[in-house]
Amino acid sequence: MAGKPKLHYFNGRGRMESIRWLLAAAGVEFEEKFIETPEDWDKLRSDGHLMFQQVPMVEMDGMKMVQTRAILNYIATKYNLYGKDIKEKALIDMYTEGIADLNEMIIVLPLCPPDQKEAKIALIKERTTDRYLPVFEKVLKSHGQDYLVGNRLSKADIHLVELLYYVEEIDPSLLANFPLLKALKTRVSNLPTVKKFLQPGSQRKPPINEKSLEQAKKIFRMK
Amino acid sequence: MERFSPNQPSSLTLLDKIFFLQGHSQNHHNNSWILSQNTRDSQIYGIPQYLENPKPRVMATKPKLFYFCGRGRMESIRWLLAAAGVEFEEEFIETTEQYEKLLKDGRLLFGQVPMVEIDGMVLTQTRAILSYLAAKYDLYGKDLKETVRINMYTDGTLDLMLMIAVAAFKPPAEKEESLALVVKRAKTRYFPVFEKILKDHGEDFLVGNKFSWADIQLLEAILMVEELDASVLSEFPLLKAFKTRISNIPTIKKFLQPGSQRKPPPDSHYVEVVRSVLHF
């Protein structure tokens with residue numbers, strides 16, 4: 001083993017945050033190398049470390065992995081958070097993809113032009129309460145178990161709880177009609193590894209603010 | 001509506017054993033037994049035995065695909081099934097009423113298609129479906145490290161193909177710009193990577209010297225981008241050879257014939273149908 005996994009990204013949530021959550025929940029210590037200047041970004045690409053010239057990139061087990069989903073799936077398999085068989089994995093993947101779709105809307109929100117922001121937020125709220133959360137509430141209700149799939153913690157639970165924190169940040173009342181989801185959130189948050197990650201001073205990142213958004217845009221030379 | 005029993009017999013049990021994702025634990029099964037030592041072609045070409053002489057697979061029921069009659073997000077799934085030699089049925093969504101019935105019957109988990117009925121499951125989410133099929137048909141590598149490489153490569157090619165799928169719905173000027181960007185990305189971001197991978201190991205397939213989902217999807221992407229710019233492979237000799245080689249695999253050759261379930265590029269009629277059914 002080469003040592004701790006090393007995460008390459010800018011110092012913010014973005015697409016790396018779900019990877020941080022999963023590693024943390026699995027109890028895996030990791031290091032981070034933040035891209036802080038346009039020069040850092042240029043070097044990372046010109047050194048040929050990024051397969052498709054994109055981050056996230058995670059150095060782990062002798063590999064330089066890119067593509068968020070590929071990375072998450074590797075970690076989940078390695079740390080047994082991916083169900084017990086191919087059918088459980090299919091369910092976990094299906095749930096994860098739905099969660100990722102809503103999470104994507106939230107991730108890109110800071111990049112939205114100010115005049116479109118209100119409409120985007122309204123759409124996120126609608127999707128949350130009408131399309132996504134009811135599905136997961138129903139799943140938990142249908143089997144009455146503590147976790148989404150196979151009566152065992154999986155990446156689907158971790159991704160969902162992460163998402164619930166973001167939903168709460170947007171508007172806590174969005175969770176009002178989802179008691180089982182609230183219970184899942186509490187249950188997963190109390191797992192020792194997750195509890196630790198939720199403490200101040202952990203590697204969990206705060207929501208992006210104006211200043212760090214400007215910095216990120218500068219680094220990646222975005223308009 | 002057909003009912004699928006979750007416990008219906010299928011060839012799944014054998015394939016479950018070879019599905020390496022049962023863990024890095026003692027349950028790990030080396031799936032090389034699926035390549036018979038007596039089969040010359042399998043050894044030479046590294047393709048799974050069943051792909052040499054494609055026969056309809058013996059299954060209780062065929063997978064059934066629910067989508068519009070066009071490529072969109074379902075095309076990669078069609079390719080994977082076809083390449084694996086799996087016969088499948090399709091139900092094409094043509095009206096709002098059909099779509100609303102699927103929604104009302106609760107068969108679309110997040111209210112979206114693609115949806116595939118397979119092995120007693122009602123699966124949605126393109127990548128979930130693709131991963132399941134890749135694992136089931138032994139197209140996902142022999143161990144976790146091969147799987148992650150396949151995932152990296154397919155995530156990349158899928159990104160590229162989805163750009164094309166989405167471009168169809170843009171107004172003409174934007175659409176042209178998007179498609180030009182696709183060709184640029186293909187030439188500068190994606191194809192150089194795959195050319196280098198093939199060059200570095202000198203093997204016939206992208207991963208593990210064995211035919212996998214990554215090869216199928218790369219061929220699909222190459223053909224799609226060639227439709228936009230026929231000269232796109234001019235700087236990539238190994239990809240040209242790869243394209244020929246993979247196109248000649250019997251199941252894929254069959255899928256590339258006219259009259260197969262492969263769909264043509266999106267036209268204005270397709271866009272119209274999707275817009276009217278999904279109300280956008």
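Colleague: Which residue of β4(B) stands opposite B:E117?

Modeller: In this predicted model, B:E117 faces B:V122 of β4(B).

Colleague: Why do β2 and β4 of chain B count as edges?

Modeller: The open sheet has 4 strands in the order β2-β1-β3-β4 (chain B), with mixed pairing. Because β2 (89-92) and β4 (121-124) of chain B each have a single partner strand, one side of each is left without a neighbour in the sheet. On average, neighbouring strands of this sheet are turned by 20 degrees against each other, direction ignored.

Colleague: Why is the pair of A:F10 and A:F220 called edge-to-face?

Modeller: The structure holds 18 aromatic pairs over all chains. For A:F10 and A:F220 the ring centres are 5.9 Å apart, and pairing needs centres within 6.5 Å, so the two rings pair. Their planes stand at 75 degrees; angles over 60 count as edge-to-face, and the pair is therefore edge-to-face. A:F10 belongs to the loop between β1 (6-9) and α1 (17-25) of chain A, and A:F220 to the segment after α9 (210-219) of chain A, 210 residues apart.

Colleague: What makes the pair of A:W41 and A:F220 edge-to-face?

Modeller: The angle between the planes is 75 degrees, and the class begins over 60. The centres are 4.8 Å apart. Since A:W41 lies in helix α2 (residues 38-46) of chain A and A:F220 in the segment after α9 of chain A, the pair ties together parts 179 residues apart in sequence. Ring pairs link A:Y9, A:F10, A:W41 and A:F220 into a cluster.

Colleague: How do you know whether A:W41 is buried or exposed?

Modeller: Buried means under 20% relative accessible area. A:W41 has 8% relative accessibility and therefore counts as buried. A:F220, at 18%, is buried by that criterion, and A:F10 is buried as well.

Note on methods: Residues are numbered from 1 along each chain as its sequence is written. Chains are lettered from A and ligands numbered from 1 in the order in which they are written. This is a predicted model: local features need pLDDT of at least 70, side-chain atom pairs count only at pLDDT 80 or more; totals for chains, interfaces and linings use all residues. Side-chain values use heavy atoms; hydrogens and water are left out. Rings of Phe, Tyr and Trp (its six-membered ring) pair if their centres lie within 6.5 Å; planes under 30 degrees apart count as stacked, over 60 as edge-to-face and the rest as tilted. Helices (H or I, at least four residues) and strands (E, at least two) are DSSP runs, numbered from the N terminus. Buried means under 20% relative accessible area, exposed over 50%, partly exposed in between (1.4 Å probe, protein chains only). Two strands pair if DSSP finds at least two bridges between them. Axes are lines fitted to C-alpha atoms, for helices over the stretch in contact, and angles run from 0 to 180 degrees between N-to-C directions.
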